[in-house]
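Here is a short walk through one structure. Keep the sequence and the 3D view side by side as you read.

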Amino acid sequence: IHHKFVAYQMASESGHKQFLSLNDAGAKSGLNLDSIRRFLITIPPLPEQCKIAEILGAWDEAIALLEKLITAKRKLKQGLMQQLLTGKKRFKEFEGSEWETVRLKEIAFVDQRSLRSNTPEDYTFRYISLSDINNGEISKDLPEICFAEAPSRARKLVSNNDIIMATVRPN
């Protein structure tokens with residue numbers, strides 16, 4: 001048997017589901033030797049196992065290379081942002097013009113609107129948490145929660161084109 005073939009099969013969605021079904025939940029949740037021994041695996045002939053492992057390995061390598069490229073591009077972008085947003089790097093058509101320094105309160109309005117305490121307890125709304133925001137984009141699959149279960153920080157109202165700033169964690 002080809003070890004990488006077995007590893008891919010165990011890591012697959014069906015393998016993961018099987019591990020979950022074999023998990024003997026109890027005082028110490030997890031797999032034990034007996035449940036691992038009951039794991040079912042479908043085994044094609046060895047040459048086919050080798051070919052499957054080779055192809056999946058090639059995809060893993062391509063994905064890893066792409067992830068490295070994405071990381072490198074993010075670092076380049078970060079450097080460019082630093083130069084552009086501090087005025088160290090300027091576009092030719094704007095050279096000579098000065099940047100103005102202002103306080104955020106001079107150019108933005110902090111909207112204090114929120115759901116009030118007299119909101120019906122069964123009123124439901126889509127809740128945005130920090131984990132629902134990635135690269136400045138809000139997830140399209142926001143959970144709906146009811147007012148009674150919402151923490152007080154989750155009752156602020158948000159409109160289109162608002163800028164959301166986290167105030168409960170450093171990020």
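Helices (H or I, at least four residues) and strands (E, at least two) are DSSP runs, numbered from the N terminus. Contact means heavy atoms within 4.5 Å. This is a predicted model: local features need pLDDT of at least 70, side-chain atom pairs count only at pLDDT 80 or more, and totals for chains, interfaces and linings use all residues. Residues are numbered from 1 along each chain as its sequence is written, and side-chain values use heavy atoms, leaving out hydrogens and water.

Start with helix H4, residues 46-85. The end C-alpha atoms lie 57 Å apart, which agrees. Which residues of H4 are buried? They are Gln49, Ala53 and Gly57. Buried means under 20% relative accessible area, exposed over 50%, and partly exposed in between, with a 1.4 Å probe and protein chains only. Helix H1 (3-11) is part of what covers them. Cys50 has 30% relative accessibility, so it counts as partly exposed. After H4 comes Gly87, with a positive phi near 80 degrees.

In soluble globular proteins, nonpolar side chains tend to be buried together. Leu115 touches Tyr123, Phe125, Phe147, Arg155 and Leu157, leaving aside residues up to four places away in sequence.

Technical notes. The expected span of a helix is 1.5 Å times one less than its number of residues.
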